[in-house]
Amino acid sequence: MKKESINRRTFLKSTAMAGALGAMGTGSAAVFTSCGGGSNASANVPLKAPGTYYVPDLVDFAADGQELKAGVIGCGGRGSGAAINFLNAANGLTITALGDAFKDRVDDLAGKLKTEKNVDIPEDRRFTGLDAYRQVIDSGVDVVIVATPPNFRPMIFQYATEKGKHSFLEKPICVDPVGYRTIVATAKQAAAKNLCVVTGTQRHHKRDYVESYKQIMNGAIGEITGGAVYWNGGMLWFNERRPEWSDCEWMIRDWVNWAWLSGDHIVEQHVHNLDVFTWFTGLKPVKALGFGSRQRRVTGDQFDNFSIDFEMENGIHLHSMCRQVHETEGIVGEFIQGSKGSWSTQDGHTIKDLAGKVIWKYDYEAEKTSFKQIDPYTLEHVNWINHIRSGKPIEQASETAVANMAAIMGRESAYTGKYTTWDEMTASPLDLYPTDIDLVKKMSISGYGAGKEYKLPDYIHIPGKPQGNQTR
């Protein structure tokens, strides 16, 4: 074999063997490699020694074992998707309880489960209201899938952990410092109870990201010196208010547009990209300075764009950029610069040397040859179930919380135009949870001045009401 290349036939043979080893539970991700230009691994100085960092075993299907009954909390689009992902991940799985603030959401998912998976959810296991999560958790389930609007996730995780349930938490897992501290404390409790906690940062369960991570840990780009991460796309969905909806019901049904529910899109969506940088570097930000604005959003109180400069613990910088505006340049991905080269997701997963020559590229055709399951949303559940059934606890919430807090730091800097720091934000009393949340009555939002009424900005128009500041 030549030093600068790997014969494709040899490569496919080795990856096929990797798939077979993975099916036997010996760690396919650890042996599955993909080279496109032939990096000189022998000359690399590893950033971390193999075996000192976590690599998921991304096999197609979880091993057989104990039967698991799941409860789904949050039955909207992501909750419905996660329910199907869970059932597709292994044998011996079922869903026995559903919970959501609204009955139509619960019934819709129940119908989907019956039609697509022949899973019956009886009426007495369909729970509604803001406390539905307690009823689901107390119904006899073994595991919970938490896909509510993000602000509710810390308290649901806390209750599930108190009750000894394994948790799958969709991202983001918090929207403010109070939620962050709840997550971190609960993660420690979950670890002490040997529970398995996996989060919805699905890039951790994409083989191209995992293989890129291994290459970088092996020193392929040298010491990491900086990077840039992006999620620039169009505006997400929104719901116009209906006359029969209360303040709270409208906001929850339109949650992706409200900062108190979603954390703003830098937290709700861009956390994926920030997570890649904090994962690959193992660093947290110590300081953030940014700006943003609102240009075209139809409902809610969020910004349309953010641009943040993060200073990391060792002094390197990360540029973070995200936008939700239609008909603008779309770019979603990550770039990391190193002392010997760079890694980028913009042309597949590619590593280049300092002269711009490709020295490694992930081979997606080889993945398709070696594996049947390539959906990271399903592989999250495969990994989760394998940890539960093997009795090997996993706890991803505390790692995800670092990226989540980075996003919160960036948001608050953009909102205020001032520096934010890790120390001040993790200790901040900022709590976006409403002081008087009620699905029926008029409510005020605690917002950024805890305990105060939340006033809608002048630019927000509520259908059927005059424009201008309005106390909600």
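Q: What does buried mean for a residue?
A: Buried means under 20% relative accessible area, exposed means over 50%, and partly exposed lies in between, with a 1.4 Å probe and protein chains only. This is a predicted model: local features need pLDDT of at least 70, side-chain atom pairs count only at pLDDT 80 or more, and totals for chains, interfaces and linings use all residues. Residues are numbered from 1 along each chain as its sequence is written, and side-chain values use heavy atoms, with hydrogens and water left out.

Q: How many residues of helix H8 are buried?
A: Helices (H or I, at least four residues) and strands (E, at least two) are DSSP runs, numbered from the N terminus. H8 spans residues 207-217 and is mostly covered, with 11 of its 11 residues buried. Among them are Arg207, Asp208, Glu211 and Lys214. Gly219 follows H8 and has a positive phi, near 90°.

Q: What share of the protein chain is buried, and how many helices and strands are there?
A: Buried residues make up 56% of the 472 residues. The chain has 16 helices and 15 strands.

Q: In what order do the six strands of the open sheet run?
A: Start with pairing: two strands pair if DSSP finds at least two bridges between them. Here the order is S3-S2-S1-S4-S5-S6, and the pairing is parallel. S3 (126-128) and S6 (197-199) are the edge strands, each pairing on one side only. Neighbouring strands of this sheet are turned by 20° against each other on average, direction ignored.

Q: How many bridges link S2 and S3?
A: Three bridges pair S2 (residues 93-100) with S3, in the parallel sense. Leu98 stands opposite Arg126 in S3.

Q: Which strands does helix H4 lie across?
A: Angles need axes. These are lines fitted to C-alpha atoms, for helices over the stretch in contact, and angles run from 0 to 180 degrees between N-to-C directions. Contact means heavy atoms within 4.5 Å. H4 (residues 103-117) lies across S1 (68-73), S2 and S3, and runs at about 165° to S2.

Q: How do H7 and H15 pack, roughly parallel or roughly antiparallel?
A: Angles under 35 degrees count as roughly parallel, over 145 as roughly antiparallel, 65 to 115 as roughly perpendicular and the rest as oblique. The axes of H7 (residues 177-192) and H15 (residues 397-416) come within 9 Å and cross at roughly 170°. The two helices are therefore roughly antiparallel to each other. H7 contributes Pro177, Tyr180, Ile183, Val184 and Ala187, while H15 contributes Ala397, Ser398, Ala401, Met405 and Ile408.

Q: Which strands does S11 pair with?
A: S11 (residues 331-338) joins S7 (residues 224-233) through eight bridges, antiparallel. Three bridges join S11 to S12 (residues 341-344), also antiparallel. S11 and S12 form a hairpin with two residues between them. Phe335 in S11 stands opposite Ala228 and opposite Ser344 in S12.

Q: Where is Ser139, and what does Ser139 touch?
A: Ser139 is found in the loop between H5 (132-137) and S4 (143-146). Not counting residues up to four places away in sequence, Ser139 touches Ala97, Arg125 and Phe127. A polar atom of the Ser139 side chain lies 2.6 Å from the backbone oxygen of Val136.

Methods. Polar contact = N/O pair within 3.5 Å; in protein donor to acceptor, adjacent residues only side chain to side chain.
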